[in-house]
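Some notes on the structure follow, as numbered points. Please read them alongside the model.

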Amino acid sequence: MKAVEVVNLVKVYGGGIPAIDNLTFAVEPGEIYGLIGPNGAGKTTTLRIVATLIKPTSGSVRVLGFDVVDQAEYIRRMISYLPEEAGVYGNLTGYEYLRFIADIYAKSGDESESMIEEALEISGLGSRIKDRVKSYSRGMRRRLQVARTLMVKPKLAILDEPTSGLDVYHAHYIRRCIRRYVDEYGLTVLISSHNMLEIEYLCDRILLIHRGRSIDDGPPRILKEKYSSNNMEEVFLKAVGLT
Ligand SMILES: Nc1ncnc2c1ncn2[C@@H]1O[C@H](COP(=O)(O)OP(=O)(O)OP(=O)(O)O)[C@@H](O)[C@H]1O
Ligand SMILES: [Mg+2]
């Protein structure tokens with residue numbers, strides 16, 4: 001069974017040109033699969049459909065064997081979704097926010113405690129975890145959000161530009177955390193990013209997406225060979241015919 005199976009997906013928002021235009025791809029269990037493409041390519045739309053937040057116009061999307069339209073409630077129990085722009089309740093402290101989420105997912109007090117402990121480590125917030133979230137910088141809020149997405153150890157983590165707004169040091173640290181979670185807990189990760197370095201470092205396979213269509217997909221190393229390129233940026237530009 002595929003972790004995610006997207007077949008001939010089309011999404012039209014209110015009558016315009018399709019945001020997603022006949023997209024097909026599959027994500028194997030335990031892999032980190034990346035979507036890359038320019039602004040407006042359809043990355044967020046695809047992730048929101050997989051996360052069961054919006055419905056496809058046509059085509060089929062299955063997550064862990066379940067259909068996103070007919071069986072969304074099963075899917076929601078097994079995934080954890082980090083939106084592109086995630087709001088947090090600013091009046092809670094970072095710690096209270098993590099506790100709130102952990103108590104929803106954990107089956108016992110002990111499990112909740114250990115989730116929070118791991119999230120504290122991932123977030124790297126240290127003693128600032130006791131401060132109200134509204135006093136955090138953008139990057140600190142993002143780290144808190146990534147931490148809460150991973151700490152629940154979903155079968156599938158859907159991460160929409162997880163490191164956007166993070167400095168080099170914290171972005172690197174978060175990438176290591178994502179990789180460690182995949183290796184230790186066998187999660188599957190579907191991620192979108194503009195950061196070609198990130199995609200290359202993190203992803204087992206990537207999908208190049210442009211104007212809602214798939215341009216190519218494969219492991220970064222194979223794509224670099226195929227397009228005789230030294231890095232993913234060059235691969236992308238060559239693949240969409242911009243150079
Ligand atoms: N709620 C919406 N209503 C109407 N059109 C939308 C909506 N959300 C996205 N779109 C359109 O769908 C297309 C794909 O947008 P999407 O947000 O999926 O792109 P993206 O690849 O995530 O871009 P970015 O890199 O800027 O995050 C764009 O043309 C966008 O204008
Ligand atoms: Mg987006």
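**Notes on the model**

1. The bridge partner of serine 80 in β7 is alanine 157. Strands β6 (residues 79-82) and β7 (residues 156-160) run parallel and share four bridges; pairing requires at least two DSSP bridges. Helices (H or I, at least four residues) and strands (E, at least two) are DSSP runs, numbered from the N terminus.

2. This is a predicted model: local features need pLDDT of at least 70, side-chain atom pairs count only at pLDDT 80 or more, and totals for chains, interfaces and linings use all residues. Residues are numbered from 1 along each chain as its sequence is written, while chains are lettered from A and ligands numbered from 1 in the order in which they are written.

3. β6 is covered on both faces, with Ile79 and Tyr81 buried on one side and Ser80 and Leu82 on the other. Buried means 20 or more other C-beta atoms within 10 Å of the residue's own, exposed 12 or fewer, and partly exposed in between, with C-beta atoms placed from the backbone.

4. In helix α6 (residues 168-185), Ala171, Ile174, Arg175, Cys177, Ile178 and Tyr181 are buried. Seen down the axis, these fall within an arc of 155°, so they line one face; the arc is taken over directions from the helix axis to the C-beta atoms. Val168, Tyr169, Arg180, Asp183 and Glu184, on the other side, are exposed.

5. Glycine 186 follows α6 and has a positive phi, near 65°.

Definitions and conventions:
The expected span of a helix is 1.5 Å times one less than its number of residues.
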